[in-house]
Amino acid sequence: MKLYRLLTEDDTSAFCHKVTAALNKGWELHGSPSYAFDAGRGVMRCAQAVVKDAPGTYTPEIKLGEQ
C-alpha cells in the first residue's frame, strides 16, 4: 500500500527534526515544502508531504506516524 502524511510544524528546528525522523523511518519527500504565516498565532508554519510504500492493506485505523 502507498501511505501519505503531511508533516507540519512551526518554523523551528522541530520541523526539521520531524521530517528527518520520517526520512529515517523510510518515508520519502513528496513535492516541495510549503511555508506560510499563521496570522492567528503570529508564527510562520512549515509543511512537507511524505510518502511510503508499506506492506498490507490500507484502512483508516492505521497509525501513519507509527509506520
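Modeller: Accessible areas come from the Shrake-Rupley method with a 1.4 Å probe, and for residues only the protein chains shown count as cover. In this case the protein exposes about 4,600 Å², of which carbon and sulfur atoms supply 55%. Please keep in mind that this is a predicted model, in which local features need pLDDT of at least 70, side-chain atom pairs count only at pLDDT 80 or more, and totals for chains, interfaces and linings use all residues. Residues are numbered from 1 along each chain as its sequence is written, and side-chain values use heavy atoms, with hydrogens and water left out.

Biologist: Which pattern does the protein follow when it is read along the sequence?

Modeller: Helices (H or I, at least four residues) and strands (E, at least two) are DSSP runs, numbered from the N terminus. Here there are one helix and three strands, and their order along the sequence is β-α-β-β. The C-alpha trace spans about 40 × 25 × 20 Å along its principal axes.

Biologist: Which residues of α1 are buried, and which are exposed?

Modeller: A residue is called buried under 20% relative accessible area, exposed over 50%, and partly exposed in between (1.4 Å probe, protein chains only). In α1 the buried residues are Phe15, Val19 and Ala22. They cover an arc of only 60 degrees around the axis (taken from the directions from the helix axis to the C-beta atoms), which puts them on the same side of α1. The general idea is that an α-helix has 3.6 residues a turn, so residues three or four places apart point the same way. On the other side of α1, His17 and Asn24 are exposed. Across the whole protein, buried residues make up 25% of the 67 residues.

Biologist: What do the buried residues of α1 pack against?

Modeller: Contact means heavy atoms within 4.5 Å. By that rule, the buried residues of α1 pack against β1 (2–10), β2 (28–38) and β3 (43–53). Among contacts between residues at least 6 apart in sequence, 60% join residues at least 24 apart.

Biologist: Which residues is Thr8 in contact with, leaving aside its neighbours within four places in sequence?

Modeller: Thr8, whose place is in strand β1, is in contact with Phe15, Lys18, Arg45, Cys46 and Ala47 once those neighbours are set aside. Its relative accessible area is 31%, so Thr8 is partly exposed.

Biologist: Is Tyr35 buried or exposed?

Modeller: Tyr35, found in strand β2, counts as exposed because its relative accessibility is 51%. Even so, Tyr35 touches Asp11, Met44, Arg45 and Cys46, not counting residues up to four places away in sequence.
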